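User: I would like to go through the labels given to this structure and see what each one rests on. Please set the values against the cut-offs.

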Amino acid sequence: RTAKLALVDLAGSERQADTGAKGQTFRESISINRSLFVLRKVITALARKSAQDLLMVPYRESKLTTLLRDAIGGSSYTVMVACLSPNDAHFEENLSTLQYASTARRIRNRPEVNLDPKS
């Protein structure tokens with residue numbers, strides 16, 4: 001038997017106005033936002049459950065979704081922890097996080113035991 005464990009911390013979108021990022025940090029935040037956008041597209045496609053949507057899941061549009069392919073819509077057990085802020089100033093981000101988690105909850109994986117063919 002073999003197993004793979006993926007621990008991912010998705011801190012949330014990087015807003016340039018809030019962080020004041022410039023230069024290399026700004027380019028990194030753009031890359032982070034792009035990956036999170038593609039992850040949302042993948043989760044939305046998998047949550048719809050129609051055969052046509054499953055044919056067009058955009059796993060390859062981002063390194064993040066390519067790495068997490070087994071965890072989201074694959075053959076593994078997956079747990080998502082959504083962290084919220086108690087501060088009222090973060091209401092919009094909290095709402096977005098809850099909607100994201102609610103959509104991800106509708107995905108049904110098909111866990112399988114991975115057997116090593118050499119053993």
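User: Where does Ile 107 lie, and why is Ile 107 called buried?

Analyst: In this predicted model, Ile 107 sits in the segment after H5. Its relative accessibility is 13%, and buried means under 20%, so Ile 107 counts as buried.

User: What makes Arg 108 exposed?

Analyst: Arg 108 lies in the segment after helix H5 (91-105). The relative accessible area of Arg 108 is 57%; the label exposed requires over 50%, so Arg 108 is exposed. Arg 108 also belongs to a positive surface patch, together with Lys 49, Arg 105 and Arg 106.

User: Why is Leu 46 called buried?

Analyst: Leu 46 has a relative accessible area of 9%. The limit for buried is under 20%, so Leu 46 is buried. Leu 46 is placed in helix H2, and its C-alpha atom is separated by 8.2 Å from that of Arg 106, 60 residues apart along the chain.

User: How do you know that Glu 61 and Lys 41 form a salt bridge?

Analyst: The N to O distance between the two side chains is 2.9 Å. A salt bridge needs a side-chain nitrogen of Lys or Arg within 4 Å of a carboxyl oxygen of Asp or Glu, so the pair qualifies. The pair links distant parts of the chain: Lys 41 is in helix H2 (residues 24-48) and Glu 61 in the loop between H3 and H4, 20 residues apart. The structure holds 1 salt bridge.

User: What makes Glu 61 and Lys 41 partly exposed?

Analyst: Glu 61 has a relative accessible area of 47%, and Lys 41 has 31% relative accessibility. Partly exposed lies between the 20% limit for buried and the 50% limit for exposed, so both residues count as partly exposed.

User: Which helix has the lowest mean pLDDT, and why does that matter for reading the coordinates?

Analyst: Helix H3 (residues 51-55) has the lowest mean pLDDT among the elements, at 64, while helix H4 (residues 63-67) has the highest, at 90. Where pLDDT is low, predicted coordinates should not be read in detail. The protein chain averages a pLDDT of 82, and 89% of the residues score at least 70.

User: How many helices and strands does the protein chain have?

Analyst: The chain has 5 helices and 0 strands. Of its 119 residues, 24% count as buried.

Note on methods: Residues are numbered from 1 along each chain as its sequence is written. This is a predicted model: local features need pLDDT of at least 70, side-chain atom pairs count only at pLDDT 80 or more; totals for chains, interfaces and linings use all residues. Side-chain values use heavy atoms; hydrogens and water are left out. Patches are made of residues with over 30% relative accessible area and no salt bridge: like charges are joined within 9 Å, nonpolar side chains (Val, Leu, Ile, Met, Phe, Trp, Tyr) within 5 Å. Accessible areas come from the Shrake-Rupley method with a 1.4 Å probe; for residues, only the protein chains shown count as cover. Lys and Arg count as positive and Asp and Glu as negative; His and the chain ends are not counted. The place of a charge is taken as NZ of Lys, CZ of Arg, CG of Asp or CD of Glu. Helices (H or I, at least four residues) and strands (E, at least two) are DSSP runs, numbered from the N terminus. Buried means under 20% relative accessible area, exposed over 50%, partly exposed in between (1.4 Å probe, protein chains only). pLDDT is the predictor's confidence in each residue, from 0 to 100.
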